[in-house]
Amino acid sequence: MNLQWYPGHMTKTRRQIAEELKGIDVVMEVTDARAPASSRNPDFDVLFAAKPRVMVMNKADLADPAVTAAWEKWYIGQGWGVLSVNALSGSGVEKIADAARAAVADKLRRDKARGVSRPVRIMIVGIPNAGKSSLINRLCGRASAKTGDKPGVTRGKQWIKLKNGIELLDTPGILWPKFENQRDALNLAFIGSIKDEIMDTEELACHLLEFLCQAYPKQLADRYKLDDISNRSGFEVLQDVGRIRGFVVSGGEIDTLRAANILLNEFRAGRIGRITLEQPCKTV
Ligand SMILES: Nc1nc2c(ncn2[C@@H]2O[C@H](COP(=O)(O)OP(=O)(O)OP(=O)(O)O)[C@@H](O)[C@H]2O)c(=O)[nH]1
Ligand SMILES: [Mg+2]
């Protein structure tokens with residue numbers, strides 16, 4: 001399976017983001033804490049090179065906490081302002097306004113010296129389904145932006161004003177024209193940032209199972225009551241999951257497609273456990 005997904009609306013959004021940039025003080029990149037490297041869009045380093053930036057690792061509630069801490073340390077070591085948050089519960093979100101103001105502290109000081117008072121304008125960017133709109137809703141305390149558990153929910157830009165002098169620009173999630181590294185593409189698919197309809201669900205589930213067998217064997221075995229997962233292929237484990245869940249069709253065959261859908265949904269909802277797909281030793 002060679003995964004690629006860069007539909008036309010992403011090209012359009014990329015152009016609109018570039019056009020909007022001159023009126024923006026800070027760019028806030030929302031990534032997914034379960035894949036802190038793969039969920040960073042490499043195009044952003046070029047697009048936003050001249051802007052103060054803050055990185056938010058969202059969905060920290062679904063990620064392995066020890067690995068999230070290691071990633072925070074790693075990014076801070078690279079000179080990044082980084083926060084890990086949960087947009088749904090609001091945990092960590094209270095630090096965002098201060099982090100944005102700190103990123104434009106010089107500009108705010110100059111404005112103050114000139115007697116100018118104006119809002120801090122933040123553009124929220126990131127891959128599809130990272131939780132950008134959910135984060136905006138949490139920051140403004142109401143459901144201003146449309147959200148949903150599939151990629152491509154936000155289709156146009158939308159400004160939202162907060163009471164504390166901050167203005168937020170919600171943007172549609174974008175990927176990049178070519179995934180050079182298929183591991184990144186698989187991680188994006190596992191976390192639901194690539195449209196499911198373009199993928200082979202069973203193959204995707206087999207890749208996820210191979211990763212879980214190696215990195216989180218106990219959580220996987222506990223969730224599906226699996227006896228022995230050592231030296232088993234992803235497809236064999238998928239069959240076991242289907243058999244144990246009773247997904248058997250006429251003739252005694254196991255419905256592996258149903259098992260694959262269940263596995264992906266349960267992984268995405270955090271039911272297998274708090275799992276991170278990559279460690280910070282990777283060069284990004
Ligand atoms: N567990 C968990 N789920 C979250 C979190 N933030 C967002 N979600 C869920 O993730 C899904 C995607 O959220 P959205 O806010 O629509 O994501 P988006 O980045 O705006 O997506 P696009 O508009 O498609 O680019 C929704 O089902 C949210 O409820 C979080 O911190 N933790
Ligand atoms: Mg959105």
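**Helix H6 against the sheet.** Helix H6 (residues 132-140) lies across E1, E2, strand E4 (120-126), E5 and strand E6 (166-170). H6 runs at about 155° to E6. Axes here are lines fitted to C-alpha atoms, for helices over the stretch in contact, and angles run from 0 to 180 degrees between N-to-C directions. Helices (H or I, at least four residues) and strands (E, at least two) are DSSP runs, numbered from the N terminus. The model is predicted: local features need pLDDT of at least 70, side-chain atom pairs count only at pLDDT 80 or more, and totals for chains, interfaces and linings use all residues. Residues are numbered from 1 along each chain as its sequence is written, and chains are lettered from A and ligands numbered from 1 in the order in which they are written.

**Burial of H6.** H6 is largely enclosed by the rest of the structure, because eight of its nine residues are buried. A residue is buried if 20 or more other C-beta atoms lie within 10 Å of its own, exposed if 12 or fewer, and partly exposed in between; C-beta atoms are placed from the backbone. The buried residues of H6 are Lys132, Ser133, Ser134, Leu135, Ile136, Asn137, Arg138 and Leu139. Their cover includes E1, E2, helix H4 (96-103), E4, E5 and E6. Glycine 141 follows H6 and has a positive phi, near 80°.

**Surroundings of isoleucine 124.** Contact means that the C-beta atoms of two residues, placed from the backbone, lie within 7 Å. Neighbours within four places in sequence are left aside. Isoleucine 124 is then in contact with Met28, Val30, Lys132, Leu135, Ile136, Leu168, Leu169, Asp170 and Thr171.

**The six-stranded sheet.** The sheet is open, with strand order E3-E2-E1-E4-E6-E5 and mixed pairing. Two strands pair if DSSP finds at least two bridges between them. E3 and strand E5 (158-161) are the edge strands, each pairing on one side only. On average, neighbouring strands of this sheet are turned by 25° against each other, direction ignored.

**Strand E2 between its partners.** Strand E2 (residues 53-58) is mostly covered, with five of its six residues buried. Strand E1 (residues 26-32) pairs with E2 in the parallel sense over six bridges. Valine 27 has arginine 53 of E2 as its bridge partner. E2 also pairs with strand E3 (residues 82-84), in the parallel sense over three bridges. On the E3 side, methionine 55 is bridged to valine 82, and valine 56 to leucine 83. From E2 the chain crosses through helix H3 (residues 65-77) to E3, a right-handed β-α-β crossover. Right-handed means that, with the strands pointing away from the viewer, the path from the first strand over the helix to the second runs clockwise. H3 lies across E2 and E3, at about 170° to E3.

**The largest nonpolar core.** This core has 70 residues. A nonpolar core is a set of buried Ala, Val, Leu, Ile, Met, Phe, Trp, Tyr and Cys residues joined through C-beta atoms within 7 Å. Those with the most contacts inside the largest core are Met28, Val56, Ala100, Ile122, Ile124, Ala205 and Leu208. Helix H8 (residues 201-215) gives the most to this core, with eight residues. The core draws at least three residues from each of domain 1 (8-170) and domain 2 (200-268). Domain bounds come from an automatic or database domain assignment. The centres of domain 1 and domain 2, taken over C-alpha atoms, are 35 Å apart.

**Isoleucine 254 in its loop.** Isoleucine 254 lies in the loop between helix H10 (234-245) and helix H11 (256-268). Isoleucine 254 is partly exposed because 19 other C-beta atoms lie within 10 Å. Not counting residues up to four places away in sequence, isoleucine 254 touches Gln239, Gly242, Arg243, Phe247 and Val248. Isoleucine 254 and proline 172 are 82 residues apart in sequence and 39 Å apart in space, C-alpha to C-alpha.

Lysine 225 sits in the loop between helix H9 (217-224) and H10. Its phi is near 55°, positive in a residue other than glycine. Lysine 225 counts as exposed because it has 10 C-beta neighbours inside 10 Å. Asparagine 231 lies in the loop between H9 and H10 too. Asparagine 231 is not a glycine, yet has a positive phi of about 60°. With 7 other C-beta atoms within 10 Å, asparagine 231 is exposed.
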